Amino acid sequence: MARLRLKVGFVGGYEEIEVDVPDDGPVPWDADSKLAVVSKSHPRINAADILTGRARFATDIKRRGMLYAKILRCPYGHAKVGRVTVPDIAGVRHVEKKEGKECFFAGDDVAIVVADTQEIAEEAGRRAEVDYEILPHAVTMEDAIEGPGVFRGGNRMRAQTRDEGDVDQGLKEAAVVLERTYKTQAQTHSCLEPHSAVAEFNSGGVTVWTSTQSVQGNREQITEALDLSAGQVRVIAEYVGGGFGSKFGAQSGATVAELSRKLDAPVKLLPDRAEEHAANGNRPPSIQKVKAGIRKDGVVTAWIVDSYGSGGYAGGGGGPANPLKYLYPFTNWRKTHVDVRINGGAALPFRAPGHPQGVFAIESMIDELAARVGMDPLEVRKKNDTSPVRRAQFDAGAKRIGWSRRAQPTGSEQGPLKHGIGMAGATWGGQGGPPAEITAVRHADGTFEFHSGAQDIGTGIRTAIAVIAAEELGVRPADIKVKIGDSDLPYGPGSGGSVTAPSVLPAVREAAHKLKQEIAKQGAGAPGGKITVTGSRPEDFRRYRGGVAGCQFAEVEVDTETGMVRVLKVVAVQDCGRIVNRLTAESQIQGGVLQGISYALFEERVLDRQKGAMLNADFLNYKILGPRDTPDIDVVLFEVSNAGNTVGLLGLGEPPTVPTAAAVANAVANAIGARIYELPITPDKVLGALNKI
Amino acid sequence: MDLLDLMKSSIRAPGRLVNLLTIDELKGIDVDTSGATIGALATLAEIADHPDLARMFPALALAAGHAATPQVRNVATIGGNILQRPRCWYFRMAQYPCLKKGGDTCFAMDGENKYHAIFENSLCAMVHPSNTAVALLALDAVVRTAGSGEIPIRKFFVTPDQDILRESALAEGELVTQLFIPATGARSHYLEFRERQSFDWALVSAAAAAELEGQTLNNARVVLGSVAPIPWRIDLGEIAATDEALDRAADEAVRGATPLAKNKYKVQLARTAIRRSLRELARATE
Ligand SMILES: Cc1cc2nc3c(=O)[nH]c(=O)nc-3n(C[C@H](O)[C@H](O)[C@H](O)COP(=O)(O)OP(=O)(O)OC[C@H]3O[C@@H](n4cnc5c(N)ncnc54)[C@H](O)[C@@H]3O)c2cc1C
Ligand code: SF4
């Protein structure tokens, strides 16, 4: 082991730390490293393939003799399946029925039809007749909490409580105590590519092309589901049209693999948009009752949250108060969470699970407390937030948005159009770690190839691998061929928790470093045969700080006669440790902001209380922001030299969507002088808050 | 396109389809001093971009331009636009056999009715989905058909009370050939409020038209969209073009509203839409 001193921190706040690293590994980059390729902007190395349609997604896969599967789904919130009659149409090859099944949400599967074409499978599905015995349901959390039991074992699950300090004492010390209830809606992942899959069996086993964010996780799940051995299953996801957390499970892949084995033909499953919305995941809704106290000097003395969340019929409401503890390390706090089961599709992890909903409540409350003690909300945050990075970011962001322009007092602007500025902080882990393996090859012709079993769900990891390899080898990213998205490649993690890049890229550096050494050993002049080396993700060493810090400032315009809200500008200040590819880092943040605005203002799963169906399972009534709703986004990449691994990076996938909704809500409150406690912030709610209805 | 949507959601299953797009006589836009003659197959994009329409009948050009997305506007015809079936989500889902589909209940009454009607909503609370219908009614258009000849637009749209199964007076199999808008010299304007600025339906829209004389709007009328099962016309006659008078007229016009549990906010939107659209006509007088 070698002991090194590294310069860590950020402009205006550098320090040195000592770290111990292996003697033969690459020297960790720190704040003083001069890098030629890393941190610059690089177009995706496969951009041309994506733009020209050459890139093949699971949805594009066609195999000779392929059959098409269609899942029939229950149209009611809770029902028992009786007789299922599928019409005998030419081209229908196979039907599996789940007669007698108790369906717990509208979208639960009732039967599967396999046919020669997609059209025939759909036609048979449309014309199928199913008898249902309708059972009582509850599709809202309020109904489930207050109404009769729908689920065996009760609608409410056991309360989980955590606390620290003494909240009663904290409330006594407070100058102001407020109690508020915040509500957030269910948001569906709405990946452009559905959860598609194609499977083909042959003598050696099965190959599954599927839209997944974990090819190796899918291989394990499919192996187990079909009782095969690991060597018999290969999962490929060369390109993935979005995942956002909804594509870890191998349900689609396992379904087609099983059918393919049974029918001895390749089988494809292509869920439609309604199925995606109703059955393939969502961010769980929440109800958060917050009671908090603040001292006159802006120090928060107590924080109590009673929250409910609903992961649909399956439970798992995802604890919306999660970010509380590490955004503000309050001394006296208590959180109690109850998961509630409703007759809705199951929640799945969704970009920073629990965080946007939690931060909406936390940061809305902080703003209101600040107003009550007559303080600038930024100053109150600085009093309670101990992260030096975020505190520096507050100043950077305030300057960029023009914080001094905000309406004071709130809602004081004349005329029906009112402008406001608000902000919110965010935090996330994203450190990554072992295992991650890389195979690096230098071919005889001098070209390089890097292999990883990770997959690119749109974040640009493929290009990031090329960037790190190019830096280490002294070539250009375009000189590196990258193979990913295949479970036969060396181990790569599932794309979740924002850990893909911080897990994989130090392994890439390790492999590139070894390759360089091998090339040097061969010596100059030698013709150079093929060289293959492997690199592994080493354990973390000491780092500057755990986790990434960020904050966002939003400027909005509200029409107080119509309740229409427009976001004019967002300043997104974000740390991700070392920036690997500036271009994709910026676009990752822009995407997070857009998804956050969409959550703040538009998106909402609407379940009908009469029959339990999702009423807006399309892209017409399930509203996602469009080009005209897109504000000016000012991305401030706040680079922090963080150490911890040889590249010094942290994850960036999830954090930029965490604070957006809260920042928008605070901006709206600043504009109109009234607060909206429930997302999405639609005209009816704004007019309601203004007492205009 | 609406027809395809209905087929995809199993609401209609026609045995045979007739393609009208091959009939050239149904295409084109002609504007002369007597007015505008618009073929039933004219697309929303053609209408939105037509300079003479924009000059003489701005309400129609604006209404067409606000609908849907550029892609949709390029193929959506005005004939099809005024003949769209309800966008009510209960209507569009097979598991809800509502009154409009021959069933015996309206699911919107006690259901998710945020986007539903605030006028004429006691039987069926659908809102008429067409943008262009709102403008055509304000402009006193005439619907020309291959069957009965001419139907004044005021008689074209049918309330649920009149016939629960249809939204227009068109007979089964009757073809719309043209729309004619008489030139009257009236000024007109169209605006709409929506949740989202891209690709969204109006929460409330308004087309206003009036002739003007000094500070007075004559023969003033406002047609509201998305508030009733038909485009909802309010005749105001002669009205002073002052904020005060317009506000009073707007308040008066929404007094008879009968909002449902989740759409009270539409009353405020309607009030604002009336006021702003008329004010826009008055502004043009300066
Ligand atoms: C995503 C999306 C968003 C939309 N947003 C809006 C919006 O904001 N505002 C808006 O106004 N519209 C909107 N629309 C509707 C769109 O503008 C079209 O008007 C609508 O889809 C019908 O147009 P079409 O020409 O395809 O009609 P079709 O579907 O072809 O026809 C509709 C009906 O009218 C009948 N028909 C058509 N032409 C004639 C004729 N000449 N004579 C007799 N009968 C005829 C057809 O048989 C059919 O029953 C939207 C549509 C989509 C898909
Ligand atoms: S509003 Fe009309 S279309 Fe909608 S459910 Fe009621 S009856 Fe059916």
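Trainee: Which polar backbone atom is an oxygen atom of ligand 1 2.5 Å from?
Mentor: One belonging to Met1(B). Keep in mind that this is a predicted model.

Trainee: How far is Ala68(B) from an oxygen atom of ligand 1?
Mentor: The distance is 3.2 Å, taken from a backbone N or O atom of Ala68(B).

Trainee: How many residues are around ligand 1, and which come nearest?
Mentor: There are 28. Met1(B), Asp2(B), Thr77(B), Asn81(B) and Asn131(B) come nearest.

Trainee: Which chains surround ligand 1?
Mentor: Chains A and B both supply residues, so the site is shared between them.

Trainee: What about the space ligand 2 takes?
Mentor: That space is the second largest cavity.

Trainee: New topic, Thr562(A). Where is it?
Mentor: In chain A, in the loop that runs between strand S25 (548–559) and strand S26 (565–574).

Trainee: Is Thr562(A) buried or exposed, and why?
Mentor: Buried, because its relative accessible area is 0%, and the cut-off for buried is under 20%.

Trainee: What does Thr562(A) touch beyond its sequence neighbours?
Mentor: Setting aside residues within four places in sequence, Thr562(A) contacts Pro683(A) and Leu687(A), plus Phe193(B), Leu269(B), Thr272(B) and Arg276(B).

Trainee: What lies 3.2 Å from a polar atom of the Thr562(A) side chain?
Mentor: The backbone nitrogen of Met564(A).

Trainee: Now Asp486(A). Which loop is that?
Mentor: The chain A loop between strand S23 (480–483) and helix H13 (500–522).

Trainee: Buried or exposed for Asp486(A), and why?
Mentor: Also a buried residue. The reason is a relative accessible area of 11% for Asp486(A), because buried means under 20%.

Trainee: How far is the backbone nitrogen of Asp488(A) from a polar atom of the Asp486(A) side chain?
Mentor: They are 2.9 Å apart.

Trainee: And which residues is Asp486(A) in contact with, leaving aside neighbours within four places in sequence?
Mentor: Val215(A), Gln216(A), Arg234(A), Val235(A), Ile236(A) and Gly453(A).

How values were computed. Residues numbered from 1 in each chain as written. Chains lettered and ligands numbered in written order. Predicted model: local features only at pLDDT ≥ 70, side-chain atom pairs only at ≥ 80, totals over all residues. Heavy atoms only, no water. 1 Å grid on protein atoms, 1.4 Å probe; cavity = no way out; pocket = protein on both sides within 12 Å on 5 of 7 lines; lining within 4 Å. Sits in = over half its atoms within 2 Å of the grid points. Helix = DSSP H or I, 4+ residues; strand = E, 2+ residues; numbered from the N terminus. Buried < 20%, exposed > 50% of the residue type's maximum accessible area, 1.4 Å probe, protein only. Polar contact = N/O pair within 3.5 Å; in protein donor to acceptor, adjacent residues only side chain to side chain. Contact = heavy atoms within 4.5 Å. Near = heavy atom within 4 Å.
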